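Subject: Structure handover

Hello,

Here is the structure I promised to pass on. Please open it next to this note and follow along.

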Amino acid sequence: MTTFVKADAAGQKTLDAHWYRSPETFALERERVFAREWICAGRMEHLQRAGDFFLAEIARESVIVVRDQHDEIRAFFNVCRHRGTRICEMQSGHFTGSIQCPYHAWTYALDGRLKVARNMADVEGFSVDDYPLHAVRAATWEGFIFVCLSPDTPPFETVFEPIAHRFRRWHIADLRTARTIRYDLRCNWKLIFQNYSECYHCPLVHPQLDKLSPSDSGRNDLSEGRFLGGYSELRNHGASLTTTGATSRPPVGEVDGADIDRVYYYTLFPSMLLSLHPDYVMVHYANPVAPDRTLVDCAWLFDPQTMSRADFDPTDAVEFWDMTNRQDWHVNELTQKGIESRAYTPGVYANAEGLLAAFDRHYMSTMS
Ligand code: FES
Ligand SMILES: [Fe+2]
């Protein structure tokens with residue numbers, strides 16, 4: 001049973017400037033947040049066969065994510081156990097049975113075991129059993145692959161328990177990515193999460209979105225902690241967020257009833273935004289690279305059956321959100337510029353920004 005909670009900001013103020021611009025704070029955040037939390041690295045659909053892999057960049061670490069010979073998803077630090085060399089440079093591809101370092105050809109099985117180390121037999125006490133690739137924890141949920149660099153973080157199932165089954169109706173695991181757009185934003189990653197968490201700005205910044213979905217129709221159903229969000233209503237029955245305001249695609253999964261006329265928006269701290277539309281799902285993957293720079297990959301996911309139709313065309317959804325994304329990126333970059341001014345002092349959140357106050361509270365608890 002879903003309960004809707006009014007997330008009141010209660011006069012809470014925005015964060016001090018250093019949280020958005022200081023290199024020291026950014027380095028601390030890398031350790032306390034990104035090297036500790038479960039971070040979304042990609043989708044299982046991109047690792048179809050044993051040996052398929054992609055690289056993920058997390059907290060300045062390169063991680064190899066691979067489907068092993070037993071069909072298990074595994075992750076490893078991209079670091080050779082011989083002299084530490086980065087093993088794999090290709091962003092994605094296929095390992096034919098093993099992972100080989102390009103320097104002296106130490107060769108690892110897809111499950112990380114060291115199989116062959118050339119000319120090492122005469123080294124006293126050396127055993128290949130002692131030098132597997134350093135493993136990174138990996139877990140899967142709704143077709144997404146999550147990795148965690150820290151051995152001390154609680155298991156994925158514990159951390160994600162509050163939303164483990166929440167989005168079942170959309171059958172997200174079955175959906176497939178039709179398009180991905182990479183954006184390079186000149187702003188701190190937290191501004192992206194905060195901007196996503198309110199529609200106070202929608203009438204001004206997104207006239208097209210406001211036309212399809214009233215900015216005051218939002219209701220929060222997760223208003224404290226790591227996962228935050230709720231839904232907004234679509235003005236017209238059977239509509240969706242597209243350039244035409246309509247859709248010819250059937251709902252995904254088992255979406256019906258009131259959900260046909262809603263779009264759900266959730267922030268999954270600290271790497272992901274999940275937007276559930278009746279006929280498609282959109283995901284933003286955020287990767288902070290500097291205090292004032294964040295890479296965001298935005299992906300549009302659809303039902304594979306719908307995608308196999310001759311007339312399938314995701315452009316109406318992609319173009320609508322590409323426009324809306326850019327409108328958001330622009331105000332986020334303006335905010336970053338303003339926070340970099342010596343004149344910036346924390347401001348007061350509106351009550352329509354209750355989720356931002358909650359985001360800041362959770363963030364501060366993670367950083368302390
Ligand atoms: S550093 Fe990898 S085999 Fe030598
Ligand atoms: Fe927005």
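A word on the source. This is a predicted model: local features need pLDDT of at least 70, side-chain atom pairs count only at pLDDT 80 or more, and totals for chains, interfaces and linings use all residues. Residues are numbered from 1 along each chain as its sequence is written, while chains are lettered from A and ligands numbered from 1 in the order in which they are written.Val65 also belongs with Val63, Val147 and Val281: of the 91 residues in the largest nonpolar core, these touch the most other members. (Such a core is a set of buried Ala, Val, Leu, Ile, Met, Phe, Trp, Tyr and Cys residues joined through C-beta atoms within 7 Å. Buried means 20 or more other C-beta atoms within 10 Å of a residue's own; exposed means 12 or fewer, and partly exposed lies in between.) The core draws at least three residues from each of domain 1 and domain 2.

Where do the domains run? Domain 1 is 18-34 + 168-367, and domain 2 is 39-157. These bounds come from an automatic or database domain assignment. The C-alpha centres of the two domains lie 31 Å apart. Across the boundary, 11 residues of domain 1 are in contact with 10 residues of domain 2.

Last, helix H9, residues 354-367. (Helices are DSSP runs of H or I, at least four residues; strands are runs of E, at least two; both are numbered from the N terminus.) The buried residues of H9 include Leu355, Leu356, Phe359 and Tyr363. Helix H4 and strand E12 are among the elements that cover them.

Best wishes

Technical notes: Two residues are in contact if their C-beta atoms, placed from the backbone, lie within 7 Å.
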